[in-house]
Every structure is written in C-alpha cells, then in structure tokens.
Amino acid sequence: MNITRRTFRCVGLGLVLGMPIGCTPSPTPTVIPEAKAPVVPKEFARASLPDVKFVEITSEAGIKFEHVNAARGEKLLPETMGSGAAFFDYDGDGDADLLLVNSSHWPDAPSPSPPTHALYRNDGHGHFEDVTRASGLDKSFFGMGVAVGDYDNDGDPDLFITALGGNYLFRNDGQGHFDDVTSETNTRGGDGWYTSAAFFDIENDGDLDLFVCCYVAWSPAIDRGISSQLLGKGKAYDPPAAYNGSHCLLLRNDSGKFVDVSESSGIQVVTPDRKAPIAKSLGVAPYDVDGDGRVDLAVANDTVANFFFHNIGGGKFEEIATTNGIAYDTNGSIRAAMGIDWADFKNDGTLGLAIGNFSNEMTALYVTEDPSSLLFSDLANIYGLGAPTQPPLKFGLFFFDYDLDGRLDLLTANGHLESDIALTQSSQTYAQSAQLFWNTGKVGRQLFVLVGADKIGADLLKPIVGRGSTYADIDGDGDLDVLITENGGKSHLFRNEGGSKNHSIRIELKGRNSNHDAIGAKVKVEVGGVVSTRQLFPAKGYLSSVEHPLTFGLGQALKADRLTIVWPSGARSELRDVTSGKTTLIVEPDGVTSAK
C-alpha cells in the first residue's frame, strides 16, 4: 500500500521487490500525485442504465454487529486491515445465513466483554436472528477472513477463519453447532498473519484442500520500532514495504486431517538468493484457467508482484506470474493489491482477472481471449475500469450480475487506512463510497460503466471504511443482495430492489465422486445462443465468501436453453429447458471418476 508516509532508499533486492532488504529510510516523504476525478462516458445516457437500487436494511434485518479493530492511537497495522464476511446455509434450510468475522482488543488492553464473531440465521425472508452463542462461534481472537467448505464431506458447511497469530477450523455438527477442530486437523498454521483463504481440490480426489494467504512478517515490537508519519502530522500505519514477506500455506486434506505441503508443492516463493519469503498476500482466486481440469491460483500481493500458481498436476504448482502477465502493471511496476476475482465477463470465453489496488492506482483487469495460452494483458483502461477506479482505496471486490441481464458486473468496497488522510491528500477521505460498474455488453472502452446515485440510489454509495464484501439472495426473490463490512464499524446489508425485473436461474450443486460442495465445478448456461460460464468457488474478493448457489441472469428469457456441468471428478451433466424463477438442485452422476 503505497501511502504517503515514508520512503525507503533501496538497492538490489529492496528496489526490485519493494521490500526493505538492503534499504535505508529516506528522511523525505514521497508525495503521490492526487488522482483525477472519474469521468462517466458520455455515449451511455443515464437512462440506459438499469433501474436497480440497493437499499440499506441492516437495522430492520436484525443485524447489530460492530467490528472491533483494537485501535487506540498506536497505529498498529492489523487494526486497519479487517475484516471479512460469509453468506452460507449453515442449517441446511435453503437460505443464506451470515457470518461476520471480528477482531479483538490487544492483550495488554483486555475487555470485560471480549468481542466475538457473529452468526446470524436467516428466516428465508431476509430477517436475521443472532445465534452466535448457541452455535459455539462466540470465540474471541483477532480474526481476519473466512472460507466456507465441507471439508469432511458430511453434507454440512464448515468454517475456516483466518487470524493474526494462527487459523481456526470449525466443524459443523449438522445440529446448529460448530466445534473447534483446529488442533486435531492441523490447520493452525503457525503464528503468522493470515488473511484470505480458499477451499479447492488440488488433485480432484474428492476432498477439499486449503490455500491460505499470509501477509507481512509482523509483530507489535517490529511495528512499534518503525514509527512512520503522515508527512510529519502524526503517527501513521506503517507501509508493507517496511516489513519482510511471509509464506502462504497450502494444506492438503488427508481424510479430514490436513498436511502442510506448502514447500513441496511449489507455492513458497523466495528471493533469488532463496533466503527470504516474498509473499505479502491479501487475496486468492482459484480457477481452472487453461481448462486442463486442474485448479490454478491467482494471488493478490501488496507492494510485491502478484502470483499465478499454475497447477501442473501431482500436487505441484509452478509460479509464472511474471511470464503470464499478471505480476505487474502495464509499466512493469508493482502495485498494492487487495481483493481479487475471475470472470468470463464478455460471455465469449474471454477471461478476466480483476484486482483492486491502492488509492491512486487503477483496478487491474488482466484479460486473455485464449485462456489455454495462460497469457494476460492489463486492459482495464480499454474496458472502462481505468480512471474511474483510480482515486479510491479498493478492498472487497467481486463480479456478480446485479440486474440479471446475463452479464457480470463489478463491485468494489472502498475505504482508506488512515483516518487523517485528508490532511495530506485533499482528494482522499477515510470513509469512501463503494463503486458499482454495470456491464453494458458493448465491446470497447466503456464496456464497464460507473453507476451513479441517480440510478443505484444513495445508500450503497454512502462513504464507509469498506473492507470485506459478499453477496447472496437473502430474501428468495432471485436477485443478489450485498453486504459490505466496515473496519471499526457496523456491517451494511443492502437489499437489491429492481434486479428481479429480469429472470434468473439458480443452480445448487452436490458432488458424489467430487467433493460434496462441488467446489471447482464448471457451469455453462446457454440462452439464445449466448453462453455464460462460471466456476463454483465461493471464496471471492477480500477476506470473504459468497453464497454457494450460482445465479445466472437470463434477461427477459423465461428459461435457459441448455445447462452443462463439468464436475471436478470429470463427470458431465446436461439439462435442457431449465425454467427461470427457481433453484435447481443438480446431483453429480455416480460411477464416474477422472481425478487429475
């Protein structure tokens, strides 16, 4: 995160990697030019944008959670980075419940009532009941993110919560209670600072493995010894360039217990002298990019090059981000990356990887028209995600079809790290508006168009200190509602009003030979000759997880002509004339196994 605070005069690896190896502090702070205001393209009249509004319903929905970030003036970096959220059906009643991850107070400032995470049960109509205590999730630790997956294939979604100082795995017992099975499953991961995580199946052997991002090598002593300043106007949160990197984790599921295969799998990236870890990871996005049946991993790094782990089989990965084009910006420079997500955003097989970056840095949109080539170019400017995305500091990010027209749109949750940033950059504020980009379907410089309050409403665009973000159909009307978390504040739930004017189908998948959640399944929906492709990976954006069912907008069509599924096992399913307005449960055909 290249905030205006303190620079490092670097040589050798420090210059190349953006980390303080061979670096000395410079007494002169770097002043970053202020970003230009976003410009909405003139060729798209406001009347052409969909009439869909997002209305905040947090209080009336019964959500009273407030994130505790431990901030008390010391400006310790973890305070400003959390936290995440997940929509998932924990009780199997068919609707999306909600988990909100909390942080905690520092050990030397204990509270008589320690903050805990929060679990809210949905009644199916978008009203939520706090069931935290009964669920066993009333635990207090410095949480960051969450991944959802049925790791033991018993039919109930389990929770993996990342944290400062180690991770936690909670097993769903199917009776509304979660048991802490961290120790017996070997998922703690040491005392690192863990952020985003994703369940996926490395070898398609039918159970879910875990990739866990790890941020900088941090401790209170290191942080207190750096003493960064906001242009001489008070203590600032230290930039990640002031810390060494860390190693991410890859945990392979072995009959419900996990084995750390991080080193042997090839996901530990080190400096050329092989002495120091490089990763400063905040987001991970799984996807079978080249269509070989094996899941690859894109990782968003903060002030060091992004990673692309190509799954070459046998539990091995090859890091190729520099050669495949997603490591840097178009000038070959590193950026400060947070949220991350994949999308077939043109419905023609063109694949895009969006990554939200720091303030004064554009959102990246790495694009390939031939995914099998594994070669990408950052075309954010060409597709309308250039100048409008430059000013804010972007955390939560995901693609979803908010108006159900069959095209994937893009939302980013934004908010700065520094409460006093306006003192040094007049264009920046601590609380910032989310940004929603409508996918016009028109190929050219304005395929994505920024939606204003006159169309989307004022609620979603109210400035907050945005961090995690997630979506689900909370009220069963077929369109997607949004939740955004706020650092040190309340989470915000927005009901989609107007998206259901178009039609949709919702697909719920259950695996047999594949993992029970069918995570990694590839689904294609054909409507009037247009084919939309998704892969089922609930882990999205920043520290968060979206609902399990896949929602495909059909526009005005009343049915999908054809629906094709390629399961992680290699099995195939095909349905025709799938009617809109309902959730279709599809179970993997038995007797087919094709592990890779």
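Reader: What makes β28 and β29 a strand pair?

Author: Strands pair if DSSP finds at least two bridges between them. Five bridges join β28 (residues 466-472) to β29, and the two run antiparallel. So they pair by that rule. Y471 stands opposite V482 in β29. Strands here are DSSP E runs of at least two residues, numbered from the N terminus. This is a predicted model, where local features need pLDDT of at least 70 and side-chain atom pairs count only at pLDDT 80 or more, while totals for chains, interfaces and linings use all residues. Residues are numbered from 1 along each chain as its sequence is written, and side-chain values use heavy atoms, with hydrogens and water left out.

Reader: How do you know that β29 also pairs with β30?

Author: Three bridges join β29 to β30 (residues 492-497), again antiparallel. I484 has H492 as its bridge partner in β30. Five residues lie between the strands of this hairpin, and G488 takes a positive phi near 70 degrees.

Reader: Why is β29 called largely enclosed?

Author: Buried means under 20% relative accessible area (exposed is over 50%, partly exposed in between; 1.4 Å probe, protein chains only). Six of the six residues of β29 (residues 481-486) are buried, so the rest of the structure largely encloses this strand. One side has D481, L483 and T485; the other has V482, I484 and E486.

Reader: What rules out a bond for C214?

Author: Its closest cysteine sulfur, in C248, is 6.6 Å away, too far for a bond. By this rule the count is zero disulfides.

Definitions and conventions: A disulfide is a pair of cysteine sulfur atoms within 2.5 Å. Helices (H or I, at least four residues) and strands (E, at least two) are DSSP runs, numbered from the N terminus.
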